[in-house]
Amino acid sequence: VGMQLQLHCFSAEHALQDLRSRAQHDLALHDGVPPDAAVVISCGARGLQMYGTEGVESEALEEVWGCKVPTVGFFAGGEIGPVGLKTYMHSYTTSCLMLRTRRA
């Protein structure tokens, strides 16, 4: 019957727009309170190779959060994560773990 093929259109502008959108969504879920810290893991192809300069995604997150959030991260050679109920190997992604202390 054949093989299923899925094509994606990818650009630096779209990647940055998606990162901002997801960070804004997270911020809205927490009543506009930015995270206390963050861990950011990006594909090795993002960064200087994709944007032509360093720190673009970090600056975008800082802009959304409205302040400097202690952040640590690294570049990876591929990312494994779920889409729905299945696990896939991804590429050209940035994963952010937002850490927050419990508020009374």
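I count two residues as in contact when heavy atoms lie within 4.5 Å. The model I have open is a predicted one.

**Entry 1**

I started with Arg46 and looked up what surrounds it. Leaving out residues up to four places away in sequence, Arg46 touches Phe10, Ala15, Tyr51, Glu57, Phe75, Tyr92, Thr93 and Thr94.

Is Arg46 buried or exposed? Its relative accessible area is 6%, so I noted Arg46 as buried. I then looked for a polar partner for its side chain, and Glu57 turned up: a polar contact of 2.5 Å joins the side chains of Arg46 and Glu57. Glu57 is also one of the residues on the contact list of Arg46.

**Entry 2: the cysteines**

How many disulfides does the whole structure hold? My search came back with zero. Cys43 is in no disulfide, and the nearest cysteine sulfur, that of Cys96, is 14 Å away from it.

Cys43 has 8% relative accessibility, so it counts as buried. Cys96 has a relative accessible area of 29%, so I wrote it down as partly exposed.

**Entry 3: the chain as a whole**

Then I stepped back to the fold. I found three helices and five strands in the chain. Reading from the N terminus, I wrote the order as α-β-α-α-β-β-β-β. The C-alpha trace spans about 55 × 35 × 20 Å along its principal axes.

How far apart in sequence are the residues that meet? Among contacts between residues at least 6 apart in sequence, 78% join residues at least 24 apart.

**Entry 4: surface and charge**

Of the 104 residues in the chain, 29% are buried, and Arg46 and Cys43 are both buried residues. The chain exposes about 7800 Å², and I noted that carbon and sulfur atoms supply 57% of that area.

Last, I looked up the charged side chains. There are 8 positive and 11 negative ones, and the centres of the two sets lie 8 Å apart.

Methods
Residues numbered from 1 in each chain as written. Predicted model: local features only at pLDDT ≥ 70, side-chain atom pairs only at ≥ 80, totals over all residues. Heavy atoms only, no water. Helix = DSSP H or I, 4+ residues; strand = E, 2+ residues; numbered from the N terminus. Buried < 20%, exposed > 50% of the residue type's maximum accessible area, 1.4 Å probe, protein only. Areas by Shrake-Rupley, 256 points an atom, 1.4 Å probe, with all protein chains shown as cover. Lys, Arg positive; Asp, Glu negative; His and termini not counted. Charge placed at Lys NZ, Arg CZ, Asp CG, Glu CD. Disulfide = S-S within 2.5 Å. Polar contact = N/O pair within 3.5 Å; in protein donor to acceptor, adjacent residues only side chain to side chain.
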